[in-house]
Amino acid sequence: MQDHPADLSWRDGDVPVSARFDDPYFSLENGLAETRHVFLAGNSLPARFRDGFHIAELGFGTGLNLLATLAAWRAARAPGRLRFTSFEAFPMPPADMRRAQSRFAELAPIAADLAPYWQGQAQEIILPDLHFTLIVGDARDTLKPWPDMADAWFLDGFSPAKNPELWQPELMAEVARHTKPDGTAATYTAAGFVRRGLEAAGFSVTRQAGYGRKRHMTVAAKGKA
Ligand SMILES: C[S@@+](CC[C@H](N)C(=O)[O-])C[C@H]1O[C@@H](n2cnc3c(N)ncnc32)[C@H](O)[C@@H]1O
């Protein structure tokens with residue numbers, strides 16, 4: 001098992017809450033709808049999907065974003081393989097991942113496909129339509145040496161007030177350095193210091209309507225004036 005597992009309690013049945021960060025892993029309203037609004041639509045997906053499209057994520061958590069993205073990929077009949085790389089410091093034990101994912105009946109077939117693979121530690125999963133990599137460790141250390149570039153980023157740390165280390169300007173600069181020239185990033189937060197960090201990193205940043213009770217979210221694009 002990993003050295004630093006997630007430390008969880010549960011709310012409303014199947015919503016995991018981090019004791020370490022005092023924050024839920026996904027929206028108590030509707031985590032799947034929030035993922036679709038913020039991370040998929042925020043990165044103009046599924047329209048940009050093509051063989052080898054590479055999504056990178058800060059904060060793997062329960063795997064909900066991966067499942068929702070693979071569901072969108074399959075529904076769009078996108079060609080070839082989706083690349084999805086996620087950075088996670090405190091991997092969730094597989095039984096907890098499965099419990100959290102069980103909240104979303106719509107994702108049950110994909111959750112079942114991936115369930116046998118979860119290890120709660122660094123790993124790679126290769127399927128006909130997915131190449132997934134989980135990089136374990138503090139993203140402030142693990143992103144810098146990452147040899148790849150993403151087409152789209154899901155910035156999904158806990159709230160910036162509770163998990164500031166995952167939103168700091170130096171890390172946003174590494175996100176930008178690991179984004180392809182026409183790549184994008186999206187996040188549910190509109191916190192000023194996050195927006196400024198993304199701007200300082202060279203992204204062109206816009207505020208869009210947020211999901212549910214959140215008034216705004218942030219979308220960032222590289223290579224646009
Ligand atoms: C809001 S949750 C992510 C939810 C996830 N995307 C999902 O689909 O369930 C935030 C995640 O960031 C991780 N995290 C917090 N600080 C981190 C750090 N410094 N480096 C890497 N991961 C970190 C937490 O352990 C947690 O899993």
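Q: In this predicted model, which residue of β5 does glutamate 57 stand opposite?
A: Strand β4, residues 54-58, runs parallel to strand β5, residues 82-88, and the two are joined by five bridges. Within this predicted pairing, the residue of β5 that stands opposite glutamate 57 is serine 86.

Q: Are the residues of β4 buried or exposed?
A: From β4, His54, Ala56 and Leu58 point one way, whereas Ile55 and Glu57 point the other way. Buried residues are those under 20% relative accessible area, and five of the five residues of β4 fall in that class, which leaves the strand mostly covered. The residues on both of these sides are therefore, by the under 20% cut-off, buried.

Q: What is the bridge partner of alanine 56 in β8?
A: Besides its five bridges to β5, β4 pairs over four bridges with strand β8, residues 150-155, in the parallel sense. In β8, the residue that partners alanine 56 is tryptophan 153.

Q: What is the handedness of the β-α-β unit that β4, helix α2 and β5 make?
A: The two strands of this unit, β4 and β5, run parallel, and the helix that belongs with them is α2, residues 64-75. The β-α-β unit made by these three elements is right-handed.

Q: Which strands stand at the edges of the open sheet?
A: The open sheet has eight strands with mixed pairing, in the order β6-β7-β5-β4-β8-β9-β11-β10. Two of its strands each have a single partner strand, so one side of each is left without a neighbour in the sheet; these edge strands are β6 (123-127) and β10 (204-209).

Q: In β11, which residue is the bridge partner of threonine 206?
A: Strand β10 is joined by six bridges to strand β11, residues 216-221, and these two strands run antiparallel. The partner of threonine 206 in β11 is valine 219.

Q: Where is the cis peptide bond that has omega near 15 degrees?
A: Most peptide bonds are trans. With omega near 15 degrees, the cis bond runs from leucine 45 to proline 46.

Q: What is the relative accessible area of arginine 77?
A: Arginine 77 is placed in the loop between α2 and β5, and its phi is positive, about 50 degrees, although it is not a glycine. Exposed residues are those over 50%, and arginine 77 is exposed because its relative accessible area is 75%.

Technical notes
Residues are numbered from 1 along each chain as its sequence is written. This is a predicted model: local features need pLDDT of at least 70, side-chain atom pairs count only at pLDDT 80 or more; totals for chains, interfaces and linings use all residues. Side-chain values use heavy atoms; hydrogens and water are left out. Buried means under 20% relative accessible area, exposed over 50%, partly exposed in between (1.4 Å probe, protein chains only). Two strands pair if DSSP finds at least two bridges between them. A crossover is right-handed if, with the strands pointing away from the viewer, the path from the first strand over the helix to the second runs clockwise.
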